[in-house]
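Hello,

Here is the structure I promised to pass on. Please open it first, then read my notes below.

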Amino acid sequence: MNSEYYIIEGKERRGPFSLEDLAGAGITADTLVWRQGLPDWVKASELPELSSMLIADDSAFGAYAQTPPEPYFAMIGNRRVGPSDPASLAAEGIGPDTPVWRSGMGDWAPASTQPEVMAAINAFRSSVPPSDPGMRFGQPRFAPGQQAFRASGYDQYSTPHTNWMTWAIVGTIVGFLFSCIGVIFGIIGIVQANKANEAYAMGNTVGGEQANNTAKTMSIIALAFGGIGLITTVVGTITGLFHSVF
């Protein structure tokens, strides 16, 4: 025998409904429902046999009864974007490692921890064509001032950045010639610059910025120690020549 359902609408009790009739009653996930066998009224979302009709309900009741999700903020490099829905953030070029936050979260977290954000990212990736005819004919697809690269089968945006690898190498060489301390900082700069370049290539803008800033600092320190060592060497040489002559 089919169960009969009763619902609370406003302050009135309606029913009985068969399971088939209940599908057209305009119930939402929060509608109070009772049937024989239940000790008390429960929300419709708590009854497994009603879950399919709640998911499939595209009526005016079902479409507007749910509260819109809280918008997200995202940190792309040093720029905060939002509040925006996940699809808009995906179009901005966020990746799984991009920090995101919305009301209710204790702190910023990678986008990969938020299912709806990752769903939007994956949908955006799949919507990008595998090739771009405009690029083949020398017509830039992206706006001026933006760099584009292809990672994991989709196009990703990143802001232009200074590659500190060359300066780190120069700092290491100068340090090797004139300052042992400069060599140490130069090597660290090379490691961090390589790490930054790999992160940018993988679409990890946040990790790339962090490593790039460290590479910058280490390279400058290496060059500074090398410069001091060079000046000291030159002064010492001139002083030695002066004493030898006079």
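Start with alanine 168. Not counting residues up to four places away in sequence, Ala168 touches Gly186, Gly189, Ile190 and Ser219; contact means heavy atoms within 4.5 Å. Alanine 168 lies in helix 7. Its relative accessible area is 0%, so alanine 168 is buried (under 20% is buried, over 50% exposed, in between partly exposed, with a 1.4 Å probe and protein chains only). Glutamine 192 is 24 residues away from alanine 168 along the chain, and their C-alpha atoms are separated by 9.2 Å.

A word on the source. This is a predicted model, in which local features need pLDDT of at least 70 and side-chain atom pairs count only at pLDDT 80 or more, while totals for chains, interfaces and linings use all residues. Residues are numbered from 1 along each chain as its sequence is written, and side-chain values use heavy atoms, with hydrogens and water left out.

Next, the helix pair. Helices (H or I, at least four residues) and strands (E, at least two) are DSSP runs, numbered from the N terminus. Helix 7 (residues 165–178) packs on helix 9 (residues 205–245) at an angle of about 30°, and their axes are 8 Å apart. Axes are lines fitted to C-alpha atoms, for helices over the stretch in contact, and angles run from 0 to 180 degrees between N-to-C directions. The two helices are therefore roughly parallel to each other (under 35 degrees; over 145 is roughly antiparallel, 65 to 115 roughly perpendicular, the rest oblique). Helix 7 contributes Trp167, Ala168, Val170, Gly171, Val174, Gly175 and Phe178 to the contact. From helix 9 come Ser219, Ala222, Leu223, Gly226, Gly227, Gly229, Leu230 and Thr233.

Four strands form an open sheet in the order 2-1-3-4, with antiparallel pairing. Strands pair if DSSP finds at least two bridges between them. Strand 2 and strand 4 (42–43) are the edge strands, each pairing on one side only. Strand 1 (residues 5–9) is joined to strand 2 (residues 12–17) by four bridges. Glutamate 9 stands opposite glutamate 12 there. These two strands form a hairpin with two residues between them, and glycine 10 in the turn has a positive phi of about 70°.

Four bridges also join strand 1 to strand 3 (residues 32–35). Here tyrosine 5 stands opposite arginine 35, and tyrosine 6 opposite tryptophan 34.

Best wishes
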